[in-house]
Amino acid sequence: MSVHQRSQHPIYQELHDSPDFSELRRRYRSFVVPWTVAFLVWYLLYVCMSNWAGGFMNTKLVGHVNVALVFGLLQFLSTFMIAWLYARHMNRNVDPLARDLEARYEAALRGDAVKGEEPRA
Amino acid sequence: MITSVPSVVAVVLVAIATLAIGTWGLRLSRTTSDFFVASRSVRPALNASAIGGEYLSAASFLGVAGLVLVFGADMLWYPVGWTAGYLVLLVLVAAPLRRSGAYTLPDFAEARLASAKVRTTCTLMVVAIGWLYLVPQFQGAGITLESATGAPPWLGAVVVATVVLVNVLSGGMRSITFVQAFQYWLKLTALLVPAIVLVGVWLGDGRPSPDGATNDHWSLPLADGGGQGLYLTWSLIIATFLGTMGLPHVVVRFYTNPDGRAARRTTVVVLALLGAFYLLPPIYAELGRVYGERADANVLVLDLPRLMLPGTSGEMLSALVTAGAFAAFLSTSSGLSVAVAGVLTQDVFRGPRFTGVRAFRAAAVIAVVVPCVAAVAAPDLGIAKAVGLAFAVAASTFCPLLVLGIWWRGLTDVGAIAGLGTGFISSGLGVAYSLSPFTTSGWFDVLLSQPAAWSVPLAFTTMYAVSRATASRVPSHVRRFMVRLHTPEAVALDRG
(Lines give C-alpha, C1' and ligand atoms only; values in the text may rest on other atoms or scores of the structure.)
Protein backbone atom coordinates (compact mmCIF):
# COMPACT_ATOMS: atom_id res chain seq x y z
CA MET A 1 0.00 0.00 0.00
CA SER A 2 1.36 3.39 -0.91
CA VAL A 3 2.01 6.16 1.55
CA HIS A 4 -0.74 8.20 0.06
CA GLN A 5 -3.38 5.50 0.35
CA ARG A 6 -2.59 4.79 3.94
CA SER A 7 -2.61 8.50 4.74
CA GLN A 8 -6.32 8.49 3.83
CA HIS A 9 -7.07 6.24 6.78
CA PRO A 10 -9.63 7.73 9.20
CA ILE A 11 -7.30 6.96 12.12
CA TYR A 12 -5.37 10.12 11.22
CA GLN A 13 -8.39 12.29 11.85
CA GLU A 14 -9.13 10.45 15.11
CA LEU A 15 -5.58 10.86 16.32
CA HIS A 16 -5.60 14.51 15.36
CA ASP A 17 -8.76 15.15 17.39
CA SER A 18 -7.85 13.02 20.41
CA PRO A 19 -7.02 14.71 23.74
CA ASP A 20 -3.79 12.70 23.92
CA PHE A 21 -2.59 14.28 20.72
CA SER A 22 -3.31 17.75 22.09
CA GLU A 23 -1.50 16.80 25.28
CA LEU A 24 1.46 15.62 23.21
CA ARG A 25 1.61 18.94 21.41
CA ARG A 26 1.23 20.81 24.71
CA ARG A 27 4.11 18.93 26.34
CA TYR A 28 6.31 19.64 23.40
CA ARG A 29 5.46 23.33 23.42
CA SER A 30 5.90 23.60 27.18
CA PHE A 31 9.57 22.92 26.64
CA VAL A 32 10.21 24.58 23.34
CA VAL A 33 8.58 27.97 23.89
CA PRO A 34 10.20 28.99 27.22
CA TRP A 35 13.58 27.59 26.27
CA THR A 36 13.62 29.25 22.87
CA VAL A 37 12.89 32.57 24.56
CA ALA A 38 15.53 31.98 27.25
CA PHE A 39 18.08 30.98 24.65
CA LEU A 40 17.48 34.04 22.48
CA VAL A 41 17.60 36.39 25.48
CA TRP A 42 20.87 34.83 26.56
CA TYR A 43 22.52 35.30 23.16
CA LEU A 44 21.12 38.81 22.84
CA LEU A 45 22.46 39.64 26.26
CA TYR A 46 25.97 38.87 25.03
CA VAL A 47 25.59 41.17 22.03
CA CYS A 48 24.01 43.96 24.07
CA MET A 49 26.59 43.73 26.83
CA SER A 50 29.36 43.84 24.24
CA ASN A 51 27.90 46.91 22.64
CA TRP A 52 26.88 48.90 25.68
CA ALA A 53 28.85 47.53 28.63
CA GLY A 54 32.36 47.39 27.23
CA GLY A 55 33.94 48.30 30.54
CA PHE A 56 32.38 45.37 32.34
CA MET A 57 33.09 42.94 29.51
CA ASN A 58 36.74 43.96 29.50
CA THR A 59 37.20 43.23 33.21
CA LYS A 60 40.20 40.90 33.51
CA LEU A 61 39.49 37.73 35.44
CA VAL A 62 42.75 35.79 35.10
CA GLY A 63 45.68 37.14 33.07
CA HIS A 64 44.39 38.11 29.63
CA VAL A 65 41.10 36.30 30.10
CA ASN A 66 38.32 38.88 30.29
CA VAL A 67 34.61 38.60 31.02
CA ALA A 68 33.80 38.72 27.29
CA LEU A 69 35.82 35.56 26.63
CA VAL A 70 34.24 33.65 29.50
CA PHE A 71 30.82 34.81 28.33
CA GLY A 72 31.63 33.48 24.86
CA LEU A 73 32.63 30.08 26.25
CA LEU A 74 29.44 29.95 28.29
CA GLN A 75 27.49 30.36 25.04
CA PHE A 76 28.86 27.02 23.85
CA LEU A 77 28.11 25.38 27.17
CA SER A 78 24.55 26.70 27.26
CA THR A 79 23.89 25.44 23.73
CA PHE A 80 24.99 21.99 24.77
CA MET A 81 22.99 22.11 28.03
CA ILE A 82 19.75 23.06 26.27
CA ALA A 83 20.15 20.25 23.75
CA TRP A 84 20.71 17.78 26.57
CA LEU A 85 17.68 19.06 28.52
CA TYR A 86 15.58 18.82 25.37
CA ALA A 87 16.57 15.21 24.75
CA ARG A 88 15.78 14.38 28.38
CA HIS A 89 12.40 16.12 28.26
CA MET A 90 11.37 14.34 25.07
CA ASN A 91 12.49 10.93 26.35
CA ARG A 92 10.72 11.29 29.67
CA ASN A 93 7.57 13.23 28.93
CA VAL A 94 6.73 12.90 25.28
CA ASP A 95 7.82 9.48 24.05
CA PRO A 96 5.70 7.46 26.55
CA LEU A 97 2.56 9.25 25.42
CA ALA A 98 3.56 8.72 21.82
CA ARG A 99 3.81 4.97 22.44
CA ASP A 100 0.20 4.95 23.68
CA LEU A 101 -0.89 6.65 20.50
CA GLU A 102 1.06 4.12 18.50
CA ALA A 103 -0.75 1.27 20.20
CA ARG A 104 -4.08 2.83 19.24
CA TYR A 105 -2.97 3.34 15.67
CA GLU A 106 -1.80 -0.25 15.35
CA ALA A 107 -5.04 -1.51 16.87
CA ALA A 108 -7.09 0.56 14.44
CA LEU A 109 -5.16 -0.80 11.48
CA ARG A 110 -5.47 -4.39 12.73
CA GLY A 111 -9.20 -3.86 13.14
CA ASP A 112 -9.41 -2.88 9.52
CA ALA A 113 -7.33 -5.81 8.44
CA VAL A 114 -9.85 -8.14 10.12
CA LYS A 115 -12.66 -6.45 8.24
CA GLY A 116 -10.64 -6.85 5.09
CA GLU A 117 -10.83 -3.21 4.10
CA GLU A 118 -7.25 -2.06 4.36
CA PRO A 119 -4.76 -4.83 4.87
CA ARG A 120 -1.39 -3.61 6.07
CA ALA A 121 1.38 -3.60 3.58
CA MET B 1 57.02 29.91 -1.55
CA ILE B 2 57.54 27.10 0.88
CA THR B 3 58.04 23.57 -0.29
CA SER B 4 57.32 21.18 2.51
CA VAL B 5 57.80 17.47 1.93
CA PRO B 6 55.98 16.42 5.13
CA SER B 7 52.93 18.48 4.12
CA VAL B 8 52.80 16.85 0.69
CA VAL B 9 53.06 13.41 2.29
CA ALA B 10 50.27 14.38 4.71
CA VAL B 11 47.95 15.45 1.89
CA VAL B 12 48.61 12.23 -0.02
CA LEU B 13 48.00 10.12 3.09
CA VAL B 14 44.68 11.82 3.84
CA ALA B 15 43.55 11.35 0.27
CA ILE B 16 44.50 7.65 0.31
CA ALA B 17 42.91 7.04 3.72
CA THR B 18 39.73 8.76 2.56
CA LEU B 19 39.54 6.62 -0.55
CA ALA B 20 40.38 3.44 1.38
CA ILE B 21 37.70 3.95 4.01
CA GLY B 22 35.28 4.92 1.29
CA THR B 23 35.94 1.68 -0.56
CA TRP B 24 35.54 -0.33 2.61
CA GLY B 25 32.14 1.30 3.08
CA LEU B 26 31.24 0.41 -0.47
CA ARG B 27 30.94 -3.25 0.34
CA LEU B 28 28.14 -2.33 2.73
CA SER B 29 26.13 -0.19 0.36
CA ARG B 30 24.16 -1.69 -2.46
CA THR B 31 20.87 -0.02 -3.28
CA THR B 32 19.82 3.50 -4.17
CA SER B 33 18.42 3.97 -0.69
CA ASP B 34 21.86 3.15 0.73
CA PHE B 35 23.42 5.72 -1.50
CA PHE B 36 21.19 8.45 -0.21
CA VAL B 37 20.72 7.89 3.47
CA ALA B 38 22.84 4.99 4.58
CA SER B 39 19.74 2.85 5.16
CA ARG B 40 18.88 4.79 8.30
CA SER B 41 21.04 2.42 10.28
CA VAL B 42 23.92 4.50 11.56
CA ARG B 43 24.58 4.43 15.32
CA PRO B 44 24.47 7.78 17.23
CA ALA B 45 28.17 7.91 18.20
CA LEU B 46 29.33 7.16 14.66
CA ASN B 47 26.71 9.43 13.18
CA ALA B 48 27.63 12.29 15.51
CA SER B 49 31.28 12.00 14.52
CA ALA B 50 30.22 11.98 10.89
CA ILE B 51 28.05 15.05 11.35
CA GLY B 52 30.90 16.82 13.12
CA GLY B 53 33.26 15.75 10.36
CA GLU B 54 30.98 17.01 7.66
CA TYR B 55 29.96 20.23 9.36
CA LEU B 56 33.44 21.46 10.31
CA SER B 57 34.42 22.85 6.97
CA ALA B 58 37.36 24.81 5.68
CA ALA B 59 35.68 27.86 7.19
CA SER B 60 35.87 26.40 10.68
CA PHE B 61 39.30 24.90 10.26
CA LEU B 62 41.11 27.78 8.60
CA GLY B 63 38.70 30.69 8.43
CA VAL B 64 37.81 31.26 12.08
CA ALA B 65 41.40 31.53 13.31
CA GLY B 66 42.24 34.00 10.54
CA LEU B 67 39.18 36.12 11.18
CA VAL B 68 39.76 36.23 14.93
CA LEU B 69 43.39 37.15 14.31
CA VAL B 70 42.45 40.10 12.11
CA PHE B 71 39.15 41.28 13.54
CA GLY B 72 39.34 40.11 17.15
CA ALA B 73 36.73 38.62 19.43
CA ASP B 74 33.76 39.81 17.30
CA MET B 75 34.44 36.89 15.04
CA LEU B 76 33.79 34.34 17.78
CA TRP B 77 30.20 34.80 16.68
CA TYR B 78 30.85 32.55 13.73
CA PRO B 79 31.55 29.41 15.80
CA VAL B 80 28.92 30.32 18.41
CA GLY B 81 26.34 30.71 15.65
CA TRP B 82 27.35 27.53 13.85
CA THR B 83 26.91 25.56 17.07
CA ALA B 84 23.64 27.21 18.07
CA GLY B 85 22.27 26.68 14.57
CA TYR B 86 22.39 22.98 15.28
CA LEU B 87 20.27 23.42 18.39
CA VAL B 88 17.66 25.42 16.48
CA LEU B 89 17.61 22.69 13.86
CA LEU B 90 17.16 19.98 16.49
CA VAL B 91 14.36 21.65 18.41
CA LEU B 92 12.33 23.19 15.60
CA VAL B 93 12.66 21.09 12.48
CA ALA B 94 14.74 17.91 12.75
CA ALA B 95 12.10 15.56 14.12
CA PRO B 96 9.12 16.67 12.00
CA LEU B 97 11.28 16.65 8.90
CA ARG B 98 12.41 13.09 9.56
CA ARG B 99 8.83 12.03 10.16
CA SER B 100 7.71 13.49 6.87
CA GLY B 101 9.46 10.54 5.24
CA ALA B 102 11.09 12.83 2.69
CA TYR B 103 14.69 12.20 1.70
CA THR B 104 15.56 15.73 0.67
CA LEU B 105 14.30 19.30 1.07
CA PRO B 106 12.54 19.23 -2.34
CA ASP B 107 10.86 15.94 -1.32
CA PHE B 108 9.58 17.62 1.80
CA ALA B 109 8.34 20.68 -0.06
CA GLU B 110 6.47 18.56 -2.58
CA ALA B 111 4.91 16.31 0.04
CA ARG B 112 3.80 19.24 2.16
CA LEU B 113 2.43 21.47 -0.59
CA ALA B 114 1.53 18.93 -3.28
CA SER B 115 3.16 21.08 -5.92
CA ALA B 116 5.77 20.14 -8.48
CA LYS B 117 6.62 23.81 -9.02
CA VAL B 118 7.63 24.27 -5.39
CA ARG B 119 9.71 21.15 -5.72
CA THR B 120 11.56 22.51 -8.73
CA THR B 121 12.17 25.84 -6.97
CA CYS B 122 13.62 24.01 -3.97
CA THR B 123 15.82 21.87 -6.17
CA LEU B 124 17.32 24.95 -7.78
CA MET B 125 17.98 26.42 -4.36
CA VAL B 126 19.57 23.30 -2.92
CA VAL B 127 21.93 23.26 -5.88
CA ALA B 128 22.67 26.99 -5.56
CA ILE B 129 23.36 26.83 -1.82
CA GLY B 130 25.40 23.67 -2.19
CA TRP B 131 27.56 25.18 -4.89
CA LEU B 132 27.96 28.44 -3.00
CA TYR B 133 29.25 26.40 -0.09
CA LEU B 134 31.44 24.13 -2.21
CA VAL B 135 33.32 26.93 -3.96
CA PRO B 136 35.12 28.20 -0.81
CA GLN B 137 35.97 24.61 0.17
CA PHE B 138 37.75 24.10 -3.12
CA GLN B 139 39.40 27.53 -2.91
CA GLY B 140 40.55 26.72 0.61
CA ALA B 141 42.15 23.55 -0.71
CA GLY B 142 43.89 25.65 -3.33
CA ILE B 143 45.45 28.08 -0.88
CA THR B 144 46.37 25.28 1.52
CA LEU B 145 48.29 23.37 -1.10
CA GLU B 146 49.83 26.61 -2.31
CA SER B 147 50.98 27.45 1.21
CA ALA B 148 52.44 24.00 1.77
CA THR B 149 54.08 23.33 -1.58
CA GLY B 150 53.97 26.44 -3.70
CA ALA B 151 51.68 24.69 -6.17
CA PRO B 152 49.31 26.90 -8.17
CA PRO B 153 45.96 27.41 -6.38
CA TRP B 154 43.90 25.49 -8.95
CA LEU B 155 45.77 22.26 -8.18
CA GLY B 156 44.43 21.93 -4.62
CA ALA B 157 40.88 22.48 -5.88
CA VAL B 158 41.28 19.80 -8.52
CA VAL B 159 42.83 17.31 -6.07
CA VAL B 160 39.97 17.69 -3.59
CA ALA B 161 37.32 17.59 -6.31
CA THR B 162 38.80 14.40 -7.73
CA VAL B 163 39.00 12.55 -4.41
CA VAL B 164 35.45 13.61 -3.53
CA LEU B 165 34.14 12.54 -6.89
CA VAL B 166 35.79 9.12 -6.76
CA ASN B 167 34.46 8.56 -3.27
CA VAL B 168 30.94 9.72 -3.97
CA LEU B 169 30.79 7.70 -7.18
CA SER B 170 31.89 4.56 -5.46
CA GLY B 171 29.96 4.58 -2.22
CA GLY B 172 27.32 7.21 -1.68
CA MET B 173 26.29 8.16 1.78
CA ARG B 174 27.18 4.98 3.59
CA SER B 175 30.86 5.13 2.82
CA ILE B 176 30.73 8.88 3.30
CA THR B 177 29.54 8.25 6.86
CA PHE B 178 32.65 6.24 7.71
CA VAL B 179 34.91 8.70 5.93
CA GLN B 180 33.47 11.63 7.79
CA ALA B 181 33.57 10.05 11.20
CA PHE B 182 37.25 9.40 10.60
CA GLN B 183 37.74 12.96 9.43
CA TYR B 184 36.20 14.57 12.50
CA TRP B 185 38.76 12.88 14.71
CA LEU B 186 41.55 13.67 12.29
CA LYS B 187 40.57 17.34 12.27
CA LEU B 188 40.37 17.50 16.05
CA THR B 189 43.76 15.83 16.45
CA ALA B 190 45.29 18.00 13.75
CA LEU B 191 44.35 21.15 15.61
CA LEU B 192 44.67 19.89 19.17
CA VAL B 193 48.17 18.38 19.12
CA PRO B 194 49.90 21.39 17.51
CA ALA B 195 47.91 23.72 19.79
CA ILE B 196 49.23 21.94 22.88
CA VAL B 197 52.81 22.02 21.59
CA LEU B 198 52.59 25.66 20.55
CA VAL B 199 51.10 26.77 23.85
CA GLY B 200 54.05 24.95 25.45
CA VAL B 201 56.47 26.92 23.24
CA TRP B 202 54.70 30.13 24.19
CA LEU B 203 54.98 29.30 27.90
CA GLY B 204 58.64 28.40 27.41
CA ASP B 205 59.25 31.77 25.77
CA GLY B 206 58.19 33.48 28.98
CA ARG B 207 54.63 34.07 27.78
CA PRO B 208 55.17 37.11 25.60
CA SER B 209 51.96 39.02 25.04
CA PRO B 210 50.94 40.91 21.92
CA ASP B 211 51.28 44.64 21.68
CA GLY B 212 49.42 45.88 24.77
CA ALA B 213 47.96 49.02 23.25
CA THR B 214 45.65 47.17 20.86
CA ASN B 215 44.96 44.18 23.04
CA ASP B 216 41.91 45.47 24.89
CA HIS B 217 40.35 46.44 21.62
CA TRP B 218 41.07 43.05 20.06
CA SER B 219 39.77 40.92 22.92
CA LEU B 220 36.50 42.82 23.24
CA PRO B 221 33.63 42.08 20.90
CA LEU B 222 31.99 45.13 19.31
CA ALA B 223 34.66 47.40 20.75
CA ASP B 224 34.09 49.81 17.85
CA GLY B 225 30.56 50.36 19.05
CA GLY B 226 28.11 52.01 16.72
CA GLY B 227 25.10 50.76 14.84
CA GLN B 228 26.94 49.13 11.96
CA GLY B 229 28.91 46.75 14.14
CA LEU B 230 25.75 45.83 16.01
CA TYR B 231 23.88 45.27 12.75
CA LEU B 232 26.64 43.06 11.33
CA THR B 233 26.69 40.93 14.49
CA TRP B 234 22.92 40.62 14.47
CA SER B 235 22.86 39.68 10.85
CA LEU B 236 25.55 37.07 11.36
CA ILE B 237 23.64 35.56 14.28
CA ILE B 238 20.44 35.34 12.24
CA ALA B 239 22.24 33.80 9.27
CA THR B 240 24.06 31.16 11.32
CA PHE B 241 21.22 30.31 13.74
CA LEU B 242 18.61 29.95 11.02
CA GLY B 243 20.80 28.97 8.08
CA THR B 244 22.01 25.66 9.48
CA MET B 245 18.59 24.06 8.99
CA GLY B 246 18.61 25.00 5.32
CA LEU B 247 21.96 23.47 4.44
CA PRO B 248 21.29 20.43 2.28
CA HIS B 249 24.14 18.30 3.63
CA VAL B 250 23.15 18.94 7.25
CA VAL B 251 19.48 18.07 6.95
CA VAL B 252 20.07 14.83 5.09
CA ARG B 253 22.20 13.55 7.98
CA PHE B 254 19.19 13.44 10.26
CA TYR B 255 17.70 10.72 8.11
CA THR B 256 20.53 8.37 8.90
CA ASN B 257 19.35 7.96 12.50
CA PRO B 258 17.19 4.90 13.13
CA ASP B 259 14.67 6.82 15.28
CA GLY B 260 13.90 10.12 16.96
CA ARG B 261 15.54 9.22 20.24
CA ALA B 262 18.74 8.36 18.42
CA ALA B 263 18.48 11.61 16.46
CA ARG B 264 18.34 13.59 19.70
CA ARG B 265 21.22 11.69 21.26
CA THR B 266 23.20 12.26 18.09
CA THR B 267 22.63 16.00 18.29
CA VAL B 268 23.73 16.23 21.92
CA VAL B 269 26.96 14.43 21.03
CA VAL B 270 27.41 16.63 17.96
CA LEU B 271 27.15 19.79 20.04
CA ALA B 272 29.79 18.49 22.44
CA LEU B 273 32.08 17.62 19.53
CA LEU B 274 31.59 21.00 17.86
CA GLY B 275 32.13 22.88 21.12
CA ALA B 276 35.36 20.99 21.78
CA PHE B 277 36.61 21.74 18.30
CA TYR B 278 35.76 25.45 18.32
CA LEU B 279 37.84 26.07 21.44
CA LEU B 280 40.96 25.60 19.31
CA PRO B 281 40.89 28.23 16.52
CA PRO B 282 40.88 31.17 19.01
CA ILE B 283 44.06 29.72 20.56
CA TYR B 284 45.73 29.86 17.15
CA ALA B 285 44.49 33.40 16.68
CA GLU B 286 45.86 34.53 20.04
CA LEU B 287 49.24 32.91 19.34
CA GLY B 288 49.14 34.39 15.85
CA ARG B 289 49.01 37.84 17.42
CA VAL B 290 52.25 37.12 19.23
CA TYR B 291 54.20 35.19 16.59
CA GLY B 292 52.39 35.55 13.32
CA GLU B 293 52.87 39.12 12.09
CA ARG B 294 54.20 37.71 8.85
CA ALA B 295 51.50 35.07 8.43
CA ASP B 296 48.73 35.32 5.87
CA ALA B 297 45.51 35.31 7.95
CA ASN B 298 43.82 32.83 5.58
CA VAL B 299 46.44 30.17 6.30
CA LEU B 300 47.47 31.24 9.81
CA VAL B 301 46.67 27.79 11.20
CA LEU B 302 48.98 26.16 8.65
CA ASP B 303 51.88 28.58 8.99
CA LEU B 304 51.92 29.12 12.73
CA PRO B 305 53.76 25.88 13.67
CA ARG B 306 56.46 26.71 11.11
CA LEU B 307 56.82 30.27 12.36
CA MET B 308 56.99 29.27 16.01
CA LEU B 309 59.17 26.19 15.67
CA PRO B 310 61.72 26.45 12.90
CA GLY B 311 63.12 23.09 11.81
CA THR B 312 61.75 19.60 11.50
CA SER B 313 59.34 19.63 14.43
CA GLY B 314 57.62 22.74 13.09
CA GLU B 315 57.42 21.17 9.63
CA MET B 316 55.88 18.00 11.08
CA LEU B 317 53.26 19.96 12.99
CA SER B 318 52.48 22.05 9.92
CA ALA B 319 52.07 18.80 7.99
CA LEU B 320 49.62 17.53 10.61
CA VAL B 321 47.57 20.71 10.37
CA THR B 322 47.65 20.53 6.60
CA ALA B 323 46.32 16.96 6.83
CA GLY B 324 43.49 18.22 9.04
CA ALA B 325 42.71 21.03 6.62
CA PHE B 326 42.48 18.56 3.75
CA ALA B 327 40.22 16.38 5.85
CA ALA B 328 38.02 19.45 6.33
CA PHE B 329 37.79 20.16 2.61
CA LEU B 330 37.19 16.53 1.73
CA SER B 331 34.53 15.83 4.32
CA THR B 332 32.43 18.94 3.80
CA SER B 333 32.70 18.74 0.03
CA SER B 334 31.73 15.05 0.10
CA GLY B 335 28.61 15.73 2.15
CA LEU B 336 27.58 18.67 -0.02
CA SER B 337 28.25 16.79 -3.23
CA VAL B 338 26.13 13.85 -2.11
CA ALA B 339 23.30 16.21 -1.18
CA VAL B 340 23.47 18.16 -4.43
CA ALA B 341 23.83 14.96 -6.47
CA GLY B 342 20.84 13.53 -4.58
CA VAL B 343 18.47 16.29 -5.64
CA LEU B 344 19.86 16.39 -9.17
CA THR B 345 19.26 12.65 -9.48
CA GLN B 346 15.67 12.93 -8.45
CA ASP B 347 14.75 16.04 -10.38
CA VAL B 348 17.07 16.46 -13.33
CA PHE B 349 18.50 13.10 -14.37
CA ARG B 350 15.24 11.35 -14.97
CA GLY B 351 13.95 9.37 -17.86
CA PRO B 352 14.71 6.02 -19.43
CA ARG B 353 18.40 6.66 -20.01
CA PHE B 354 19.03 7.36 -16.34
CA THR B 355 18.16 4.72 -13.83
CA GLY B 356 19.02 4.30 -10.15
CA VAL B 357 22.72 4.34 -9.45
CA ARG B 358 23.63 5.44 -12.95
CA ALA B 359 21.60 8.64 -12.63
CA PHE B 360 23.22 9.30 -9.29
CA ARG B 361 26.65 9.00 -10.82
CA ALA B 362 25.88 11.38 -13.67
CA ALA B 363 24.50 13.85 -11.14
CA ALA B 364 27.58 13.51 -8.92
CA VAL B 365 29.88 14.50 -11.77
CA ILE B 366 27.89 17.70 -12.40
CA ALA B 367 27.62 18.40 -8.67
CA VAL B 368 31.41 18.38 -8.25
CA VAL B 369 32.74 19.70 -11.55
CA VAL B 370 30.72 22.93 -11.74
CA PRO B 371 31.80 24.37 -8.36
CA CYS B 372 35.38 23.21 -8.99
CA VAL B 373 35.52 25.26 -12.19
CA ALA B 374 33.86 28.18 -10.38
CA ALA B 375 36.40 27.96 -7.56
CA VAL B 376 39.26 28.37 -10.01
CA ALA B 377 37.54 31.20 -11.90
CA ALA B 378 35.88 33.19 -9.09
CA PRO B 379 37.64 35.77 -6.91
CA ASP B 380 38.65 34.58 -3.46
CA LEU B 381 36.31 36.14 -0.89
CA GLY B 382 37.88 34.61 2.16
CA ILE B 383 36.58 31.24 3.23
CA ALA B 384 34.53 32.20 6.27
CA LYS B 385 32.90 35.12 4.47
CA ALA B 386 31.84 33.01 1.49
CA VAL B 387 30.48 30.30 3.78
CA GLY B 388 28.71 33.02 5.78
CA LEU B 389 26.91 34.07 2.58
CA ALA B 390 25.81 30.48 1.92
CA PHE B 391 24.30 30.47 5.42
CA ALA B 392 22.54 33.78 4.67
CA VAL B 393 20.96 32.35 1.51
CA ALA B 394 19.90 29.17 3.34
CA ALA B 395 18.40 31.21 6.18
CA SER B 396 16.47 33.41 3.71
CA THR B 397 14.98 30.53 1.74
CA PHE B 398 14.68 27.14 3.45
CA CYS B 399 14.29 28.46 6.98
CA PRO B 400 10.94 30.19 6.24
CA LEU B 401 9.80 27.20 4.16
CA LEU B 402 10.62 24.67 6.87
CA VAL B 403 9.40 26.68 9.84
CA LEU B 404 6.11 27.74 8.23
CA GLY B 405 5.67 24.40 6.46
CA ILE B 406 6.04 22.47 9.68
CA TRP B 407 4.29 24.80 12.09
CA TRP B 408 1.62 26.60 10.11
CA ARG B 409 -1.23 24.99 8.22
CA GLY B 410 -1.94 28.05 6.11
CA LEU B 411 1.12 27.78 3.87
CA THR B 412 0.26 27.54 0.17
CA ASP B 413 2.32 26.66 -2.88
CA VAL B 414 2.10 30.19 -4.27
CA GLY B 415 3.13 31.65 -0.91
CA ALA B 416 6.07 29.27 -0.66
CA ILE B 417 7.34 30.15 -4.13
CA ALA B 418 6.91 33.88 -3.52
CA GLY B 419 8.77 33.67 -0.19
CA LEU B 420 11.54 31.46 -1.54
CA GLY B 421 11.99 33.76 -4.53
CA THR B 422 12.07 36.92 -2.42
CA GLY B 423 14.54 35.46 0.05
CA PHE B 424 16.72 34.07 -2.68
CA ILE B 425 16.85 37.30 -4.66
CA SER B 426 17.45 39.52 -1.64
CA SER B 427 20.20 37.37 -0.13
CA GLY B 428 21.51 36.74 -3.65
CA LEU B 429 22.01 40.48 -4.01
CA GLY B 430 24.43 40.22 -1.12
CA VAL B 431 26.30 37.40 -2.84
CA ALA B 432 26.43 39.28 -6.15
CA TYR B 433 27.63 42.43 -4.40
CA SER B 434 30.39 40.55 -2.56
CA LEU B 435 31.56 38.87 -5.77
CA SER B 436 31.43 41.97 -7.93
CA PRO B 437 34.28 44.47 -8.16
CA PHE B 438 31.78 47.19 -7.26
CA THR B 439 32.27 48.53 -3.73
CA THR B 440 30.61 51.20 -1.68
CA SER B 441 30.74 52.30 1.93
CA GLY B 442 28.49 53.17 4.84
CA TRP B 443 25.16 51.50 5.49
CA PHE B 444 24.66 50.40 1.90
CA ASP B 445 27.82 48.30 2.10
CA VAL B 446 26.89 46.91 5.52
CA LEU B 447 23.36 45.95 4.47
CA LEU B 448 24.54 44.22 1.30
CA SER B 449 27.54 42.38 2.67
CA GLN B 450 25.52 40.80 5.51
CA PRO B 451 21.95 40.61 4.17
CA ALA B 452 20.38 38.06 6.54
CA ALA B 453 18.96 40.53 9.09
CA TRP B 454 16.62 42.04 6.50
CA SER B 455 16.30 39.26 3.91
CA VAL B 456 15.10 36.60 6.38
CA PRO B 457 12.22 38.70 7.83
CA LEU B 458 11.33 39.80 4.30
CA ALA B 459 11.12 36.18 3.11
CA PHE B 460 9.00 35.16 6.13
CA THR B 461 6.64 38.10 5.64
CA THR B 462 6.25 37.46 1.92
CA MET B 463 5.60 33.76 2.45
CA TYR B 464 3.01 34.51 5.11
CA ALA B 465 1.26 37.36 3.30
CA VAL B 466 1.05 35.63 -0.08
CA SER B 467 -0.17 32.40 1.55
CA ARG B 468 -2.88 34.39 3.30
CA ALA B 469 -3.91 36.00 0.02
CA THR B 470 -4.12 32.60 -1.68
CA ALA B 471 -5.72 30.75 1.24
CA SER B 472 -8.00 28.78 -1.07
CA ARG B 473 -4.94 26.88 -2.30
CA VAL B 474 -4.10 25.32 1.07
CA PRO B 475 -3.65 21.63 0.18
CA SER B 476 -6.48 19.36 1.24
CA HIS B 477 -4.23 16.81 2.92
CA VAL B 478 -2.72 19.33 5.33
CA ARG B 479 -4.36 17.95 8.49
CA ARG B 480 -3.21 14.41 7.81
CA PHE B 481 0.23 15.65 6.96
CA MET B 482 0.44 17.61 10.20
CA VAL B 483 -0.46 14.54 12.24
CA ARG B 484 2.33 12.71 10.49
CA LEU B 485 4.82 15.47 11.11
CA HIS B 486 4.00 16.00 14.74
CA THR B 487 3.37 12.55 16.14
CA PRO B 488 6.63 11.50 17.79
CA GLU B 489 8.65 8.81 16.19
CA ALA B 490 7.58 6.10 18.57
CA VAL B 491 4.39 6.07 16.54
CA ALA B 492 5.16 4.09 13.43
CA LEU B 493 2.71 5.85 11.14
CA ASP B 494 3.42 5.37 7.49
CA ARG B 495 6.38 7.52 6.74
CA GLY B 496 7.17 6.22 3.33
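Reading chain A from the N terminus, the elements go α-α-α-α-β-β-α. That comes to 5 helices and 2 strands, where helices (H or I, at least four residues) and strands (E, at least two) are DSSP runs numbered from the N terminus. Keep in mind that this is a predicted model, with local features needing pLDDT of at least 70, side-chain atom pairs counting only at pLDDT 80 or more, and totals for chains, interfaces and linings using all residues. Residues are numbered from 1 along each chain as its sequence is written, while chains are lettered from A and ligands numbered from 1 in the order in which they are written.

**The two chains**
- Chain A has 121 residues, and 19% of them are buried (20 or more other C-beta atoms within 10 Å of a residue's own, with C-beta atoms placed from the backbone).
- In chain A, 57% of the contacts with a separation of 6 or more join residues 24 or more positions apart; a contact means C-beta atoms, placed from the backbone, within 7 Å.
- Chain B has 21 helices and 0 strands.
- Of the 496 residues in chain B, 61% are buried.
- For chain B, residues 24 or more positions apart make up 82% of the contacts with a separation of 6 or more.

**A helix pair in chain B**
- Helix 18 (residues 413-435) and helix 20 (residues 452-469) of chain B pack at about 160°, with axes 7 Å apart; axes are lines fitted to C-alpha atoms over the stretch in contact, and angles run from 0 to 180 degrees between N-to-C directions.
- Helix 18 and helix 20 of chain B are therefore roughly antiparallel (angles over 145 degrees).

Definitions and conventions:
Buried ≥ 20, exposed ≤ 12 C-beta atoms within 10 Å, placed from the backbone. Contact = placed C-beta atoms within 7 Å. Parallel < 35°, antiparallel > 145°, perpendicular 65-115°, else oblique.
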